Each structure stands twice: as C-alpha cells, then as structure tokens.
Amino acid sequence: MVLTNTPPTAELQALDAAHHMHPFTANTALGKKGARIITRADGVRLTDSEGEELIDGMAGLWCVNIGYGRAELAEAAARQMRELPYYNTFFQTSHVPALQLAAKLAELAPGDLNHVFFAGSGSEANDTNIRMIRQYWALKGQPERRVIIARRNGYHGSSMGSASLGGMAAMHAQGGLPIPDIVHIDQPYWWGEGGDTTPEEFGRARARQLEEMILAIGPERVAGFIGEPVQGAGGVIIPPESYWPEIQRIVAQYGILLIADEVITGFGRLGEWFGSQSYGIRPHIMTIAKGLSSGYQPIGGSIVCDEVAQTIGQDEFNHGYTYSGHPVAAAVALENLRILQEEHVIERVRSDTAPCLAQAWGALADHPLVGEAVSRGMMASLALTPDKAVRAKFDAAPGTVGQICREFSFGNNLVMRHVGDRMVIAPPLVITAGDIDELVARARRTLDQTHAYLQAEGMLKAAA
Ligand SMILES: *Cc1c(COP(=O)(O)O)cnc(C)c1O
C-alpha cells in the first residue's frame, strides 16, 4: 500500500460535499454517499484515499492515452513554466511551443489539414468551429449558409454552442438549448435502433438522413455536418461500415463542410493517429483535445484544411481564448506526441493490443446479460439486455441496470462507465495484454454479480 499524508477519507468527502459541485452529478445524493477520492495514479492504475488500487478502464475521461505517471511530461511543464509560463498569440506575437505544436499537428494530420486554431478544451474548439464555418461561408458570399447538421446522441461538449451540436436530450432540456440553426439527424446505432434491417442497410439509411435533411432545409442554407467517427459519450456506438462512405458522398455532392470530432478518436484511440484515417473520412476540420496532451494539461483545438484556413485568413476572425495555445499546455502536448510517436504506441495498439482487447472483450458476448460486445481500437462497449435474441430493452427506466452494473464494477476496482444500459471502456493505449485480461475478468465478475442481483430483484424483465 502507498502511504500518503492526506487527511482521512471521511474528512475529504465532507469538504467535497460541502463545497465542490461535480459535473454531470446530482450533487446532493453524491454528498450523502461520499465521492471516491483518487490520490495518485501510475500506468493504467489509480489509487484512492483508502489505498485501494483500481484499473482505470476509462483512461480518466477518454484522455490519458499514454498512461499515468510519465515524468517527461512533468518535466516539460516545469521547463516551460520557468522559461515562459504564459504569453498570448493575439496581437502579432507568437511563441515556440504553440508554433511547434501547430507544425507537428499539420505533419500528423492527413491530407491538407495544415492549420491549427487552439482552444482550452474540446467544447471551446467546437464553439470555434461553429463560428469558423459560418464565417467561412460569409466570406464566400453565402452568409445564408448557417445551418449545422449534427446527430442525436452525439457529444461535442458542454458549452452553449458545443452542447447544441451535441444531441443529448438531457442536456438540451436544461438551459435553453440548442442555439438557433443547429439541427439533428438520427445516430447509426444498429443494435439499439436497427430493427429488422441489416447493419449495412441501416448504416446507409442513417447516412441518407443527412441528404434528406439537407434537401428539407435547402442546400443553399447548410454550412456543414459534424460527427464523431465513433460516438464516445453516446455509448461507444460503432457505426456500420456503410455509414461513413455514404456520409462522405453526400458531403461532397452538396459541397458542405465536414467536421470530424476527433476529441476521443484522435491520437491513437482507433489504432491510427486519427479516427478519420481509420474510416476513410476526409474532413475539412478536425476537433481535437483529450489525448492531445493525454489529459496532463487542458488543451484543444481545430485542425483546419488549406481552403478554409486561407479563406478565414482574408479578414480578421473576431474570436480567440486567453489560453489559446497556452505555452505550458502546448509544451506538454508536444512531449506527449513525441512519446506516442517514438515509442510506437499507436502501432502497438493496431497490431497487438486492440486485437487482444477485441478477442477478450468480444468473448463477453456469451454472457446472458450481454446483447453485443464490440470494440474498435481501444474503445469498447457492451449492450446489457434482458433478452439478447430480440435485442430487448429492460422494463426498468433506461440507465437503471447500467447504474447497478457500474456500482458492482466500482466495487470490483474497475472503472467502467455506463451510458444508459451500455457499459463502456476506453483504457490507456499503453495497457498490456496481461492488464486487458485482468480488466475483462473484472468486467465478467461484474456482469455475474449484476445478473444475480437482477434475478433476485425480479428485474430481468423486458420492456413491453
Ligand atoms: C469530451 C468531448 C468533447 C468536449 O471536450 P471538453 O474538453 O470536455 O470540453 C467534445 N467532443 C467529444 C467527441 C468529446 O468526447
């Protein structure tokens, strides 16, 4: 056990409950229960204030791609703080970390995605994208092209703009969203919504909703489409193979801009530098954050193609963040990219650990509670179901069973998240085959406990 000199857990929990408002949390209930206090981490493992060790199946929040405890990143931050802790790039100045990171990203990104606008997070970057593509069309003499098409159950962030792009009903229900001129089509979620169609037919049909929406709105009013190559927060929804080629065809046919939100899928998560490469997507803009710095510093941005960047450059773009390209965050991101590249982390995911995860995780499909067990790269999910033969949903309110399963998982010292009644993981990319086996063993134990509990409580009932 690691000895730490932190105060007792109960004391920390009381302070947390009294003063700390947690994101996406019913804080009163959490305050009564007490948050689990994470005190340190190394590799793929977290330690809490009780000295318990957890496998972090979520890489923090989908972001700690190189794993915890890399001293090189701490040193890069310290070095940069001593040399130039802060400067901005608003008024005809630049600094070395920001320009070097922009150049590095241009080198890594596919095609002519050669220009970077920095932000502090993925949410900020998507707000930038909304303004940038509308300004692009205004400069092209088509200011009426303002509508952005996004997807239900997509996730693009939590600010007013990015949450409007997102298609989370529970988010739209609070605070007056979405903002004007953002509309949503359905997601390519075959297991949950595919009915009697084949996955391939369904993928094409869901992509064609984009064309139907463009025609309904009028092509001359549509600015662009945004989507995650694989939906993350929506439940690790892996689209049918037919989906993205059809989206790509429609985007080209109507000449709208395509934004790939790579905040999760970027930086190796799917076994390529970017998820767009994994799916043959050719975006005009990619949103990045999370794995860009492996979460060691808050930083995000938009990687922008030549045509859009050159057009935007014709006039002053009245937009920017105090921390755009923050030198410490940029220096840490550069060090993170160096490690991903020099240690061949992404190649190892592709050739070694992703196939290993696919096999071990896929085997969970034989569990009576599991309707599908799917993965792509280092993202994986399970659909929980009371009757897998008909892809049934539970009689209990959506998310009830997922929450129960999540509690058992936490008790087994595995961080696995539930999204409704799907269970999801996205471990650090550096996870080893041995740790994958341990993770999946804990997941199976969790499923067994959940199944026994549901049976005892009479909850293995399908919705009518
Ligand atoms: C997390 C996430 C965001 C928002 O990023 P923040 O850094 O939390 O603002 C945007 N898009 C996707 C796909 C994400 O997963």
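H326 sits in the loop between helix α13 (306-312) and helix α14 (327-342); helices (H or I, at least four residues) and strands (E, at least two) are DSSP runs, numbered from the N terminus. The model is a predicted one, in which local features need pLDDT of at least 70 and side-chain atom pairs count only at pLDDT 80 or more, while totals for chains, interfaces and linings use all residues. Residues are numbered from 1 along each chain as its sequence is written, and side-chain values use heavy atoms, with hydrogens and water left out.

**H326 and its surroundings**

- H326 counts as buried because its relative accessibility is 18%; buried means under 20% relative accessible area, exposed means over 50%, and partly exposed lies in between (1.4 Å probe, protein chains only).
- A polar atom of the H326 side chain lies 3.1 Å from the backbone nitrogen of V328.
- Not counting residues up to four places away in sequence, H326 touches P85, Y86 and H95, where contact means heavy atoms within 4.5 Å.

- N413 lies in the loop between α16 (400-411) and β13 (414-415).
- With a relative accessibility of 12%, N413 counts as buried.
- The side chain of N413 makes a polar contact of 2.6 Å with the side chain of R36 and another, of 2.8 Å, with the side chain of E52.
- A polar contact is a pair of N or O atoms within 3.5 Å; within protein, one must be able to donate a hydrogen and the other to accept it, and residues adjacent in sequence count only if both atoms are side-chain atoms.
- Neighbours within four places in sequence aside, N413 is in contact with R36, E52, E53, L54, I55 and R442.

**Backbone exceptions**

- Most residues other than glycine have a negative phi, and most peptide bonds are trans.
- V236 has a positive phi, near 50°, and is a residue other than glycine.
- V236 is placed in the loop between β7 (222-227) and α11 (243-254), and V236 is buried, with a relative accessible area of 0%.
- S294 is a residue other than glycine with a positive phi, near 50°.
- The loop between β9 (285-288) and β10 (300-305) holds S294, which is buried at a relative accessible area of 1%.
- The peptide bond that joins L177 and P178 is cis, with omega about -5°.
- P178 is found in the loop between α8 (169-172) and β6 (182-185).

**The protein as a whole**

- The protein has 17 helices and 15 strands.
- Its radius of gyration is 22 Å, close to the 23 Å that the globule rule gives for 464 residues, so the protein is as compact as a globular protein of that length.
- The radius of gyration is taken over C-alpha atoms, and the globule rule is 2.2 Å times the number of residues to the power 0.38.
- Taken along the principal axes, the C-alpha atoms fill a box of roughly 65 × 60 × 45 Å.
- Of the 464 residues, 53% count as buried.
- Among contacts between residues at least 6 apart in sequence, 71% join residues at least 24 apart.
- The protein exposes about 19500 Å², and carbon and sulfur atoms supply 53% of it; accessible areas come from the Shrake-Rupley method with a 1.4 Å probe, and for residues only the protein chains shown count as cover.
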